[in-house]
Amino acid sequence: MREAQKAPPDPASEQRKADATQHRRNVADALIKIVGSNLMEIPNGPDVKASDRERVTLAAMQMGVPYIWGAVLPRDLTGGRRGGIDLLVKDTTGYVPVLVVRHKITDPGQGAKTSPLTIPLPHSSRVDPLRKVRPQPRDQLRLAHAQRQLQAAGYAVNGRATGGVIGMDADVVVWHDLEAPTWPGGRTALAEYDARFSDRLTVAITAATGREAIAHASRIVDCKTCPWWPTCEQDLKERRDVSLVVRGEDAVMLRKAGLSTVDDLAALDPSSDHVPLVGMPIGDAVTLAKAWLRDLTLVRRHETMSIPRADVEVDVDMESFADLGAYMWGCLLSGKDIDEPQGYQAFVTWDPLPCQDEARSFAEFWTWLTGIRLRAKARGYSFKAYCYNELAENRWLIASAERFAGMPGIPTKAQVKEFIESDSWVDLFGIVREQFLCAHGKGLKTIAPVAGFSWRDPEAGGENSMRWYRDAVGLDGSEPLPEQGERLLVYNEDDVRATHRLREWMSSDAMQSLPFAGDL
Ligand code: SF4
């Protein structure tokens, strides 16, 4: 497959990788300040060979260096393993692997085994009174891989296998017992890893020796950003694989039931109940399969459409950046005249998040929206505001009221909740989900084009907007690029115009010509 065409790197994934690299660097620097010359960093870079890094790591373990950063463990030729780990810490009888990740590894609660970053060793751990573990299976499997390599090299600790994780907050090390029966079926992380690794090794050896493939692609969430998608998509289409319609575990269930192709699924009696799916009712899956065979993006579930409309309408779209804040609230006012300029406007802060100026922009947005509601009411007009997938908007409406409580123009949490729970706040995504079956997904970028809408920016997308935002405000310490801010405004305006267009389309006669599930 070396010559196979690959999808271009996903910019959002690349950004996440760059962020993770920076996070690991920050943790390394913090540790160096704490443990000083007890930490040895294994040389890395484009000119350093992996084999040299293996040799230096082995030498460091032989010398008993207390902390080894950026370790590349000796190849386990018998087990067929290679790989590295961010940090090795020396405990009484050997080394323990520690992973550094840029996601949350605990939740509020109690019971996690943690050590402070100042003493990142298993024997310094205690039962944390403020944190409970987020299991993060992928982290545990990575630790199990390193543990097996350490065992093969003869440098693992005696006794129970343990691995540590330093997470997003980088304030503690969370320790996982890799031999505790915490996995489904009472399995341990090591047992789960062993089973999965041996399975994959068999697949790889079969492929490497040119025998008939024993594994096939099956569409999962990760396919969206996977470089191998062009190859897998072609393979799936040639096989008319059922995962093209129903991805993940549901596809596995359907294959087990003998329904391997979209055609098999389309031919199933929709009232059949012998294949319980987790993602959707089997009847919907059958209709989606029929829609896929006819190359239809959208199918109506019901004969008649019901879209809540009002005299005065506002489409809203918020832009946020990670957990740092919501920097833009874009609004499109339409409907009956209330002596307010109609059209698009954005309430925005270009101070890098997190910042106090976000309170000013949120207060202006809320004041404007409240004013529109009151003016409509004063004229006896009905009012509704629309968004596409309220989860994000609601999260930042509430969080902004909480974070900026008491500041000028900021509503109370109760006022925000009253609005969110009222009939005036409409989630168009919920209506799309209820009214349509969507063969290619329910995202606004998929659905609005069916209604004839297109984005001016060919690269418009939530993930790309993160990159534009970084550049617009100079988040990485670089010079801010105002043109990227303009790009974000165009993107946000198109998003609100897309929801507006979608509503108009769903309320129009065009619905009559859209295929109806019952007719397929
Ligand atoms: S099935 Fe999906 S995730 Fe797996 S290799 Fe293919 S495209 Fe990538």
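Predicted model: local features only at pLDDT ≥ 70, side-chain atom pairs only at ≥ 80, totals over all residues.

Trainee: Which residues are around the ligand?
Mentor: They are A217, I220, D222, C223, C226, W228, W229 and C232.

Trainee: Let us turn to helix α2. How many residues does α2 have, and how far does it reach?
Mentor: Helix α2 covers residues 50–63, which makes 14 residues. From its first C-alpha to its last it reaches 20 Å, close to the 20 Å expected at 1.5 Å a residue.

Trainee: Which residues in α2 are buried?
Mentor: T57, A60 and M61 are buried. Seen down the axis of α2, the buried residues fall within an arc of 95°, so they line one face of the helix.

Trainee: What covers the buried residues of α2?
Mentor: The cover includes β1 (39–41), β2 (67–76) and β4 (95–100).

Trainee: And which exposed residues does the face turned away from the buried side carry?
Mentor: That face of α2 carries S51, A59, Q62 and M63.

Trainee: What follows α2?
Mentor: G64 follows α2, and its phi is positive, near 75°.

Trainee: Now the strands. In which sense do β6 and β7 pair, parallel or antiparallel?
Mentor: Strand β6 (residues 113–116) and strand β7 (residues 126–127) pair in the antiparallel sense, over two bridges. K113 has V127 in β7 as its bridge partner.

Trainee: How many bridges join β6 to β10?
Mentor: Three bridges join β6 to β10 (residues 172–177), and these strands run antiparallel. The bridge partner of P116 in β10 is V172.

Definitions and conventions: Residues numbered from 1 in each chain as written. Near = placed C-beta within 6 Å. Helix = DSSP H or I, 4+ residues; strand = E, 2+ residues; numbered from the N terminus. Expected span 1.5 Å × (residues − 1). Buried ≥ 20, exposed ≤ 12 C-beta atoms within 10 Å, placed from the backbone. Arc of directions from axis to C-beta. Contact = placed C-beta atoms within 7 Å. Pairing = 2+ DSSP bridges.
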